[in-house]
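I opened the file and made notes as I went. The entries follow the order in which I looked things up.

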Amino acid sequence: MPAHHHEELSAFAAILTQLLPGAWTHQPRRHTAHDDLFFLTSDVWDMNQVAEAIATTTLTHDAILTRDDGLRLFVIDHPRHEDTFLIAAMAPADTAAEAFRGVPEPDGIAISDDPEQAADAITTRLLPRFEAALAQVRDNAARLTATAARPHTVEMTWTEDGALTAAATSGEAARILAANGFVHDHGQQAYVLSGDDSAVQARHVRTAGTQLAALGIGVALRHPTPITTVDTTPVPVPRQHAASKARSR
């Protein structure tokens with residue numbers, strides 16, 4: 001495989017840090033046969049030629065460029081062209097895999113070993129695509145976090161005798177329910193608000209709802225699902241029909 005020496009790749013990466021927009025640092029790395037290359041390259045965000053090069057060649061060295069905001073680029077020798085390098089985006093670490101769903105990989109590119117030409121190609125072709133994908137992933141991650149952190153809705157269900165039962169979804173919800181007339185029923189594993197005085201009951205529900213809403217917790221009032229009973233009373237059979245049945249056997 002045509003390859004640059006480790007020192008050549010390191011020097012090239014160092015020059016790129018001076019030419020790319022923003023503040024960059026570089027980390028040259030050497031690899032041995034005992035290194036876990038899958039782990040070392042698992043963040044490379046590419047499904048094209050860079051991924052193919054990693055899968056089909058033995059990496060002895062590479063370099064990582066890091067911008068001051070944490071954005072990272074991965075640089076290796078081109079496996080088939082001596083005067084060319086490959087560079088790819090690196091996915092942000094510690095981000096849920098679900099956040100990447102639906103986001104196209106900002107596939108890497110081949111760049112000249114002329115640092116100025118390479119920096120221009122990276123700036124105009126790779127970085128815009130990388131930053132757009134990164135923004136989408138961060139937006140997805142923020143939505144996932146917000147969904148996970150959102151308190152559950154407290155469901156209040158009417159009972160046949162006019163009482164309300166409520167399931168507390170958090171300690172704060174339980175405290176508010178208890179402060180507004182709901183009594184914990186261990187048997188039902190729920191908080192119960194008596195319906196003996198409908199005016200008092202309505203006031204407690206309004207106050208509890210306001211306090212829960214202040215914490216971002218919704219309230220849903222539900223009626224119990226009616227239970228349909230099946231009439232199992234035997235239907236009397238006329239004698240003549242019964243007799244005809246007996247004869248037919």
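This is a predicted model: local features need pLDDT of at least 70, side-chain atom pairs count only at pLDDT 80 or more; totals for chains, interfaces and linings use all residues.

Entry 1, a hairpin. I began with β3 and β4, which form a hairpin with six residues between them. I then looked up their pairing: it is antiparallel and runs over six bridges.

The pLDDT averages 86 over the protein, and 86% of the residues score at least 70. Residues 227-249 have a pLDDT below 50, and beyond near neighbours in sequence this stretch has one contact in the model. I leave that stretch out of the entries below.

L86 has A110 in β5 as its bridge partner. Next I took β2 (residues 61-67) and β3 (residues 72-77), an antiparallel pair with four bridges. Here A63 stands opposite V75 in β3.

In what order do the five strands of the open sheet stand? I read the order as β1-β2-β3-β4-β5, with antiparallel pairing. β1 (24-30) and β5 (109-112) are at the edges and have a single partner strand each, so one side of each is left without a neighbour in the sheet. From one strand to the next the twist averages 30°. I wrote down a rule for reading strands: in a regular strand, side chains alternate between the two faces of the sheet.

Helix α1 (residues 6-19) lies across β1, β2, β3, β4 (84-90) and β5, and it runs at about 170° to β1. Helix α3 (residues 49-56) also packs on the sheet, where it touches β3, β4 and β5, and its direction makes about 105° with that of β4.

I checked its length: at 1.5 Å a residue, the 14 residues of α1 should span 20 Å, and the end C-alpha atoms are 20 Å apart, which agrees. Which residues of α1 are buried? I found H6, L9, S10, F12, A13, L16 and T17. Seen down the axis of α1, these buried residues fall within an arc of 160°, so they line one face of the helix. The spacing rule I noted beside this is that an α-helix has 3.6 residues a turn, so residues three or four places apart point the same way.

Terms used:
Residues are numbered from 1 along each chain as its sequence is written. Side-chain values use heavy atoms; hydrogens and water are left out. Two strands pair if DSSP finds at least two bridges between them. Helices (H or I, at least four residues) and strands (E, at least two) are DSSP runs, numbered from the N terminus. Axes are lines fitted to C-alpha atoms, for helices over the stretch in contact, and angles run from 0 to 180 degrees between N-to-C directions. Contact means heavy atoms within 4.5 Å. pLDDT is the predictor's confidence in each residue, from 0 to 100. The expected span of a helix is 1.5 Å times one less than its number of residues. Buried means under 20% relative accessible area, exposed over 50%, partly exposed in between (1.4 Å probe, protein chains only). The arc is that of the directions from the helix axis to the C-beta atoms.
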